[in-house]
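Have the model open while you read.

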Amino acid sequence: MAHVDQQLEIDAPGARELLDRDPNAILVDVRGADEWAGGYIPGATLVPLRELTERIADVVPDKTRPVVLYCAVGARSLRAAHALVELGYERPVSVAGGIVDWLNRGYPSTMERTLEPAQRERYSRHFLIPEVGELGQLKLLDSSILMIGAGGLGSPAALYLAAAGVGRLGIVDDDVVDESNLQRQVLHSTARLGEPKAQSAKRTLEELNPDVDVVTIQERITSENVDAILAEGWDVIVDGADNFPTRYLLNDAAVWHDIPIVHGSIFRFEGQATVFKPHEGPCYRCLFPQPPPPELAPSCAEGGVLGVLPGVIGSLQANEALKLALGIGDSLVGRLMLFDALSASFTEVAIRRDPDCPVCGDNPTITEYIDYVEFCAA
Ligand SMILES: [Zn+2]
């Protein structure tokens with residue numbers, strides 16, 4: 001099998017040389033139509049892998065012609081090459097590394113946007129990962145992520161998302177920088193005491209990466225403004241909220257707007273993270289249908305926390321947000337990840353969508369926003 005694969009694979013320089021040298025060679029893109037729409041190699045014909053056996057005879061009736069197949073990273077096109085051998089084609093080859101490697105070498109494509117030389121340097125470590133590459137980087141630069149809170153969790157999450165080149169970051173925070181924040185909220189500094197956190201975050205993030213458009217929303221999320229805030233085209237929400245009213249309001253809004261939430265929370269030495277993706281997994285209310293009554297709610301405003309803990313959980317949230325924006329990996333949908341800083345251990349709990357959930361269930365009973373009273377005030 002290995003030697004067959006070797007014969008069926010060609011690297012990008014070899015493919016380019018073959019296409020230049022042999023006018024009979026035909027270039028076939030086996031990706032999906034949506035991937036094709038984002039850019040392709042000039043001269044290619046689109047035949048998605050699913051339609052290959054049906055359509056290849058129309059595109060390449062002569063089975064002796066060299067057929068150069070490519071996809072994103074070379075897996076699907078290798079399967080296509082095997083399929084063409086089965087169909088009696090004499091010279092199919094798959095481009096190893098796919099269009100991702102092709103673009104990384106600076107070979108021609110129809111992609112209208114290409115990265116500036118400075119961006120090529122900045123994101124060069126992303127280009128070395130086939131799952132990201134230039135196409136993934138362009139995806140990140142086109143993505144919009146909404147951060148709820150520029151505090152303990154929002155700080156590391158926003159720093160890593162900005163550094164990674166997420167094109168548009170929304171920061172919702174109505175608070176100002178306080179001395180007691182600086183033990184963990186690494187977006188801010190002593191010089192910024194008293195400054196609105198959203199503004200302080202914008203300055204830090206734009207200094208880190210001028211590619212990022214930081215949109216500040218200096219408001220507290222309420223039933224009045226939540227629809228307007230979420231309607232601004234966000235792909236992912238990173239929830240760093242520290243209170244129940246916001247968490248419930250945001251959950252309900254995200255289900256209705258169909259936007260995944262990367263959830264995180266921290267207390268003392270313990271943190272947790274998960275992804276609430278509407279209709280693919282549970283939402284927050286599937287786990288906790290209603291907030292606790294005020295007399296049982298923890299006094300969250302004064303909850304102590306080890307300074308580094310939000311760094312761990314906020315970084316996990318950034319990891320999930322990047323994967324969702326790129327469409328790669330296995331997300332934390334349906335999995336609650338728990339971290340104990342004292343024992344330095346991660347554990348995982350399976351969580352399921354509740355068909356009786358009052359918001360995302362089959363017969364929802366909550367269909368309007370609810371402003372819960374602020375528990376933490378006392
Ligand atoms: Zn639910």
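The second largest pocket takes at least three lining residues from each of domain 1 (5–116) and domain 2 (143–377), with bounds from an automatic or database domain assignment. This is a predicted model, where local features need pLDDT of at least 70, side-chain atom pairs count only at pLDDT 80 or more, and totals for chains, interfaces and linings use all residues. Residues are numbered from 1 along each chain as its sequence is written, and side-chain values use heavy atoms, leaving out hydrogens and water.

A pocket here is an open set of points on a 1 Å grid over the protein atoms alone, where a 1.4 Å probe fits, with protein on both sides within 12 Å along at least five of seven lines; lining residues have an atom within 4 Å of a point. Arg31, Glu35, Leu135, Gly136 and Lys139 lie nearest the centre of the second largest pocket, out of 28 lining residues. Helix H3 (33–37), H5 and helix H9 (133–141) each give two or more residues to that lining; helices are DSSP runs (H or I, at least four residues) and strands likewise (E, at least two), numbered from the N terminus.

Strand S2 (residues 26–29) is joined to strand S4 (residues 66–70) by 4 bridges.

How values were computed
Pairing = 2+ DSSP bridges.
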